[in-house]
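Colleague: Can you walk me through this one? Keep it plain, please.

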Amino acid sequence: MEKANNDMMMDENSRSWYVLYTAPRLERKLMQHLTVAGYKTYCPMQTIYVNWNGKTKEIIVPFFLRLCFL
């Protein structure tokens, strides 16, 4: 049987990225679960500094809030 030649069909060598929209502050947890399941994930993080009660705290947050790339 011949394989159909359609633009929507992908061969074994092509790669596609999908964007997953998550609940607030669950990007890391989703990324961990997907990695364990065998998917390649990407969620760029950034370090921000916040002043709380006179102390500076270093917080690592996603660059794109509520998004994870799969």
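Predicted model: local features only at pLDDT ≥ 70, side-chain atom pairs only at ≥ 80, totals over all residues.

Colleague: How many helices and strands does the protein have?

Modeller: The protein has one helix and four strands. Helices (H or I, at least four residues) and strands (E, at least two) are DSSP runs, numbered from the N terminus. Along the sequence the pattern reads β-α-β-β-β.

Colleague: What share of the residues counts as buried?

Modeller: Of the 70 residues, 14% count as buried. Buried means under 20% relative accessible area, exposed over 50%, and partly exposed in between, with a 1.4 Å probe and protein chains only. The protein exposes about 6500 Å², and carbon and sulfur atoms supply 55% of that. Those accessible areas come from the Shrake-Rupley method with a 1.4 Å probe; for residues, only the protein chains shown count as cover.

Colleague: Is Thr-22 buried or exposed?

Modeller: Thr-22 counts as buried, because its relative accessibility is 9%. Thr-22 sits in the loop between β1 (19–21) and α1 (27–36).

Colleague: And what is Thr-22 in contact with, leaving aside neighbours within four places in sequence?

Modeller: With those neighbours left aside, Thr-22 is in contact with Glu-27, Leu-30, Arg-66 and Leu-67. Contact means heavy atoms within 4.5 Å. For the protein, among contacts between residues at least 6 apart in sequence, 47% join residues at least 24 apart.

Colleague: New topic. How many aromatic pairs are there?

Modeller: A search of the whole structure finds three. Tyr-42 and Phe-69 form a tilted pair, 6.3 Å centre to centre with 40° between the planes. Rings of Phe, Tyr and Trp (its six-membered ring) pair if their centres lie within 6.5 Å; planes under 30 degrees apart count as stacked, over 60 as edge-to-face and the rest as tilted.

Colleague: Which parts of the chain does the pair of Tyr-42 and Phe-69 tie together?

Modeller: Tyr-42 lies in the loop between α1 and β2 (45–52) and Phe-69 in strand β4 (residues 67–69), so the pair ties together parts that are 27 residues apart in sequence. Tyr-42 is partly exposed, at 48% relative accessible area.

Colleague: What kind of pair do Phe-64 and Phe-69 make?

Modeller: The pair of Phe-64 and Phe-69 is edge-to-face, because the ring centres are 5.8 Å apart and the planes are at 80°. Phe-64 is partly exposed, with a relative accessible area of 36%. Tyr-42, Phe-63, Phe-64 and Phe-69 form one aromatic cluster.

Colleague: How much space lies in the largest pocket?

Modeller: The largest pocket holds about 180 Å³ of space. On a 1 Å grid over the protein atoms alone, a pocket is an open set of points where a 1.4 Å probe fits, with protein on both sides within 12 Å along at least five of seven lines; lining residues have an atom within 4 Å of a point. Grid points are joined across faces, edges and corners, and a volume is the space filled by probe spheres set on the points.

Colleague: Which element gives the most to the lining of the largest pocket?

Modeller: β3 gives the most to that lining, with three residues. α1 and β3 (55–62) each supply at least two. The lining includes Pro-24, Arg-25, Ile-60 and Arg-66. By class, the lining has six nonpolar, no polar and four charged residues. Ala, Val, Leu, Ile, Met, Phe, Trp, Tyr, Cys and Pro count as nonpolar, Asp, Glu, Lys and Arg as charged, and the others, Gly among them, as polar.

Colleague: Back to Arg-25. What about its phi?

Modeller: Arg-25 has a positive phi of about 60° although it is not a glycine. Most residues other than glycine have a negative phi. Arg-25 lies in the loop between β1 and α1 and is exposed, at 76% relative accessible area.

Colleague: And what about the phi of Asn-53?

Modeller: Asn-53 has a positive phi of about 50° and is not a glycine. Asn-53 lies in the loop between β2 and β3 and counts as exposed, at 83% relative accessibility.

Conventions:
Residues numbered from 1 in each chain as written. Heavy atoms only, no water.
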